[in-house]
Structure formats: C-alpha cells, structure tokens
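Me: I would like to go through the labels used for this structure and ask what each of them rests on. Please set the values against the cut-offs.

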Amino acid sequence: MTPRIVRQLVTGRLHVAHGLIASRLLAAGWQDWPAPEREALEEVWHAWWCSTLHEYPAPDHATQVLESSPSAPASSHRG
C-alpha cells in the first residue's frame, strides 16, 4: 500500500534528496489519504527509523531518514 517511490527510497534504490520525497508527499496531502494508505506510510517510516537507530552500522544516516519523513516534527508544518 505504500507508494513505490517510498519503497525504493527506504531500500536504497532511489537516489534523490530525501527531503524532496517528503515535500512531494506533503504536497500530495498524504495526511488526508484513506486510513490504510496513511497508516502504511507511517508504519514504513517507523520501521525505517527503528532500523536506523538499532542497527550498527545504521543502513542510513539518521538525518536522511528524518528528512524523508513528512511526519517528522520539522517537516509536518504546512505552509
């Protein structure tokens, strides 16, 4: 249920600025999507963040993971 672009990003197969994905999801109004789609994205980001914190060496830099998540505090402001 997650968008293909998000799956590619978290598996390291998409090489773009991580914040770009978050900004596009915010522009698409992901927080207003149907609950199953919205919850799927939240679960992916949560799992990716936990993986980043609990694996050594981390598969991704923590800042990249945070930049990618439109639900992170810094990027959750609409404006």
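Predicted model: local features only at pLDDT ≥ 70, side-chain atom pairs only at ≥ 80, totals over all residues.

Me: What makes Thr52 count as buried or exposed?

Reply: The relative accessible area of Thr52 is 6%. Buried means under 20%, so Thr52 is buried.

Me: What polar atom lies 2.9 Å from the side chain of Thr52?

Reply: The backbone oxygen of Trp48 lies 2.9 Å from a polar atom of the Thr52 side chain. The cut-off for a polar contact is 3.5 Å.

Me: How many helices and strands does the protein chain have, and in what pattern?

Reply: The protein chain has 4 helices and 0 strands. Along the sequence the pattern reads α-α-α-α.

Me: How many aromatic pairs does a search of the whole structure find?

Reply: The search finds 1 aromatic pair. The rings are those of Trp30 and Trp45, with centres 5.3 Å apart and planes at 70°.

Me: Why is the pair of Trp30 and Trp45 given the name it has, at 5.3 Å and 70°?

Reply: Rings pair if their centres lie within 6.5 Å, and planes over 60 degrees apart count as edge-to-face. With centres 5.3 Å apart and planes at 70°, the rings of Trp30 and Trp45 are therefore an edge-to-face pair.

Me: What parts does the pair of Trp30 and Trp45 tie together?

Reply: Trp30 lies in the loop between α2 (18-27) and α3 (35-54), and Trp45 lies in helix α3, so the pair ties together parts that are 15 residues apart in sequence. Trp30 and Trp45 are both buried.

Me: Which residues of α2 are buried, and how do you know on which side of α2 they lie?

Reply: The buried residues of α2 are His18, Ile21, Ala22 and Leu25. They cover an arc of only 95° around the axis, so they are on the same side of α2. In general, an α-helix has 3.6 residues a turn, so residues three or four places apart point the same way.

Me: What covers the buried residues of α2, and what is on the face turned away?

Reply: The cover includes α1, α3 and α4 (62-68). On the face turned away from the buried side, α2 carries the exposed residues Arg24 and Ala27. After α2 comes Gly29, which has a positive phi, near 70°.

Me: What makes His18 count as buried, and what is it in contact with?

Reply: His18, in helix α2, has a relative accessible area of 11%. The limit for buried is under 20%, so His18 is buried. Beyond its neighbours within four places in sequence, His18 is in contact with Leu9, Trp48, Gln64, Glu67 and Ser68.

Me: How far from His18 is Gln64, along the chain and between C-alpha atoms?

Reply: Gln64 and His18 are 46 residues apart along the chain, and their C-alpha atoms are separated by 5.9 Å. Gln64 is in helix α4.

Me: Why are Gln64, Val10 and Gly12 called partly exposed?

Reply: Partly exposed is the range between under 20% for buried and over 50% for exposed. Gln64, at 26% relative accessibility, therefore counts as partly exposed. Val10 stands at 24%, so the label for Val10 is partly exposed. For Gly12 the relative accessible area is 37%, so Gly12 is partly exposed.

Me: Where are Val10 and Gly12 found, and what lies across the sequence from them?

Reply: Val10 is in helix α1, and Gly12 is in the loop between α1 (4-10) and α2. Val10 and Val65, 55 residues apart in sequence, are 8.4 Å apart from C-alpha to C-alpha. Gly12 and Asp60, 48 residues apart in sequence, are 8.5 Å apart by the C-alpha atoms. Beyond four places in sequence, Val10 is in contact with Val44, Trp48 and Asp60.

Me: What is the mean pLDDT of the protein chain, and where does pLDDT stay under 50?

Reply: The mean pLDDT is 80, and 86% of the residues reach 70 or more. Over residues 73-79 pLDDT stays under 50, and the model has 7 contacts beyond four places in sequence for this stretch.

Technical notes
Residues numbered from 1 in each chain as written. Heavy atoms only, no water. Phe/Tyr/Trp six-rings, centres within 6.5 Å; stacked < 30°, edge-to-face > 60°. Helix = DSSP H or I, 4+ residues; strand = E, 2+ residues; numbered from the N terminus. Buried < 20%, exposed > 50% of the residue type's maximum accessible area, 1.4 Å probe, protein only. Polar contact = N/O pair within 3.5 Å; in protein donor to acceptor, adjacent residues only side chain to side chain. pLDDT = per-residue confidence, 0-100. Contact = heavy atoms within 4.5 Å. Arc of directions from axis to C-beta.
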